[in-house]
Amino acid sequence: MWSHAWCIFAVSVSKCLSGRTYACLNPDTVLRPSGIEPRLSCDGEPLTQAYGIGGFAEQMLVHENQLAVVNKQIPFAQASILGCGTVTGAGAAIHSAGVRVGDTVAVIGTGGVGLNVISGARLAGALRIIAIDIEDSKLAVAERFGATDTINSRNVDAVDAVRDLTGRGVHHAFEVVGSQTTQQQAVAMVRPDGGAYFVGLAQPGTAIELPTSLEMLRAHSAVVGVHMGSTNLKRDIPMYADLYIQGRLNLDDLISQEINLSEINHAYEQLKRGEVIRSVITKFD
């Protein structure tokens, strides 16, 4: 038992020391152990912080491993969106998929995270970036982030359209919706030796069918789940902040409005209706 636990610990440490902190086998180490009195409470009841961070608060109590120091020139609103949408989207292209110069990319879903996937693919040197959505207004925004082609999948078959543009499919297809249908499409639009990357959070129990014929095996295609863009936060968040300061990463167009904390419910309704990309809380009156 001891040797088995030691092996797990050693593997976990090796991943962290190699820079792959996202692959840590014991991610709850920095959280307060169960049975220990909580440091945060409300009316005597313990408070649990999502991902050890929490949100929608003027102040936070977090472990030092959750902190990253960024360039002081970046405005507060832009800095605040680095920690989720940017690291997840851009990281999916740069780290999880390893997009290279000259690659072709398809991004299904051009909300806040999908737009960051496009930004990441552009930074990595993708030659062709195909944005896919059911709203023309979102596709127009995607072009500002680096999409070279757009497809409204409400009007045409997305897989056929991607293959018409690329011939044999794309090197990398990113699904950023979390739908069984779009996940299946992502797999179908990948060229041989390419990869489909599931970034969108699907409902529990969601499943797709994968062909296992000889043709599929010979294609050497990959299907990969992506969590938080394979991010090392102490390395990546400062890097993205610097890229913004240098004018190479578009964060401004991700922020639709700055709001007061009291307006959060209305902002979520706007997000559900597709009226905004991101609302950032900058006032706590």
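This is a predicted model: local features need pLDDT of at least 70, side-chain atom pairs count only at pLDDT 80 or more; totals for chains, interfaces and linings use all residues.

**Stop one: a link across the chain.** Select Asp-149 and Arg-128. Their side chains meet in a salt bridge, 2.8 Å from N to O. The pair ties together distant parts of the chain, 21 residues apart: Asp-149 sits in strand S5 (residues 149-152) and Arg-128 in strand S4 (residues 128-133).

**Stop two: neighbours in sequence.** Now pick Asp-236 and Arg-235, whose side chains form a salt bridge at 2.7 Å, N to O. Buried or exposed: which is Asp-236? With 0% relative accessibility, Asp-236 is buried; Arg-235, at 39%, is partly exposed.

**Stop three: along a helix.** Jump to helix H10 (residues 264-272), where Lys-272 and Glu-269 are three residues apart, so about one helical turn separates them. They form a salt bridge too, with the closest N and O atoms 3.7 Å apart, and the cut-off here is 4 Å. Lys-272 is exposed at 67% relative accessibility, and Glu-269 is partly exposed at 37%. By this rule, the model has six salt bridges.

**Last stop: a nonpolar patch.** Select Tyr-51, Ile-53 and Met-60, which make up a nonpolar surface patch with about 340 Å² of accessible area together. Zoom in on Tyr-51, in the loop between strand S2 (45-46) and helix H2 (76-80). Tyr-51 counts as exposed because its relative accessibility is 66%.

Note on methods:
Residues are numbered from 1 along each chain as its sequence is written. Side-chain values use heavy atoms; hydrogens and water are left out. Patches are made of residues with over 30% relative accessible area and no salt bridge: like charges are joined within 9 Å, nonpolar side chains (Val, Leu, Ile, Met, Phe, Trp, Tyr) within 5 Å. Accessible areas come from the Shrake-Rupley method with a 1.4 Å probe; for residues, only the protein chains shown count as cover. Helices (H or I, at least four residues) and strands (E, at least two) are DSSP runs, numbered from the N terminus. Buried means under 20% relative accessible area, exposed over 50%, partly exposed in between (1.4 Å probe, protein chains only).
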